[in-house]
Amino acid sequence: MEFEYQKLLKKAMDNLPKKTATKERFVIPDLAYEQQGNKTILKNFVDLLNVLRREPRHLARYLFKELATRGSIKNNSLVLDTRVSRENLMRKIESYVQEFINCKVCGEPDTKLIKEDRYIFMVCEACGAKTPIRIL
Ligand SMILES: [Zn+2]
């Protein structure tokens, strides 16, 4: 009996719409944050971008602009040529998520960026909205 229930439960979970899974998946991981002299290093940068489903270079460009600094991506890490507090960095990443990941219409994070001519649009897989976004 219990076995049947488990099986049904599993089936129900498997059939849940993708949306629910998205919310689950979309938790910004803890920043593997480090300061070395005048540099700030995010050691799990590429992992973070895999969760956010964006190009690492895109968020890197955003952070360079926002923090008025330069830096580089090395393996899994982002190196910023300035000192930034963990809180400040987290706030910037949250703003990035707001601007470049969350759908402007329904708020779902299940979006992708597509390039058309000289414009970049955010296309939402949840509601189908297509919104132009700022080019970094
Ligand atoms: Zn949407």
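**The core and its surroundings**

Modeller: The largest nonpolar core has ten residues: Leu42, Phe45, Leu48, Leu52, Leu59, Ala60, Leu63, Leu78, Leu80 and Val84. By "nonpolar core" I mean a set of buried Ala, Val, Leu, Ile, Met, Phe, Trp, Tyr and Cys residues joined through C-beta atoms within 7 Å. "Buried" means that 20 or more other C-beta atoms lie within 10 Å of the residue's own; 12 or fewer makes it exposed, anything in between partly exposed, and the C-beta atoms are placed from the backbone. Keep in mind that this is a predicted model, where local features need pLDDT of at least 70, side-chain atom pairs count only at pLDDT 80 or more, and totals for chains, interfaces and linings use all residues. Numbering starts from 1 along each chain as its sequence is written.

Who supplies the core? Helix 3 (45-52), helix 4 (56-66) and strand 4 (77-80) each give at least two residues. Helices (H or I, at least four residues) and strands (E, at least two) are DSSP runs, numbered from the N terminus.

Start with helix 3. Its buried residues are Phe45, Leu48 and Leu52. They sit on the same side of helix 3, because they cover an arc of only 60° around the axis, the arc being that of the directions from the helix axis to the C-beta atoms.

Over to Leu59, another core member. Setting aside neighbours within four places in sequence, Leu59 is in contact with Leu49, Arg54 and Tyr96; contact here means C-beta atoms, placed from the backbone, within 7 Å.

Now strand 4. It belongs to an open, antiparallel sheet of four strands in the order 1-2-4-3, where strands pair if DSSP finds at least two bridges between them. Strand 1 (33-36) and strand 3 (71-74) are at the edges with a single partner strand each, so one side of each has no neighbour in the sheet. Neighbouring strands are turned by 20° against each other on average, direction ignored; axes are lines fitted to C-alpha atoms, for helices over the stretch in contact, and angles run from 0 to 180 degrees between N-to-C directions. Strands 3 and 4 pair antiparallel over four bridges, with Lys74 opposite Ser77.

Not counting residues up to four places away, Asp81 touches Asn38, Lys39, Thr69, Arg70 and Gly71. Its C-alpha is 6.3 Å from that of Thr69, twelve residues apart along the chain.

Technical notes:
Two residues are in contact if their C-beta atoms, placed from the backbone, lie within 7 Å.
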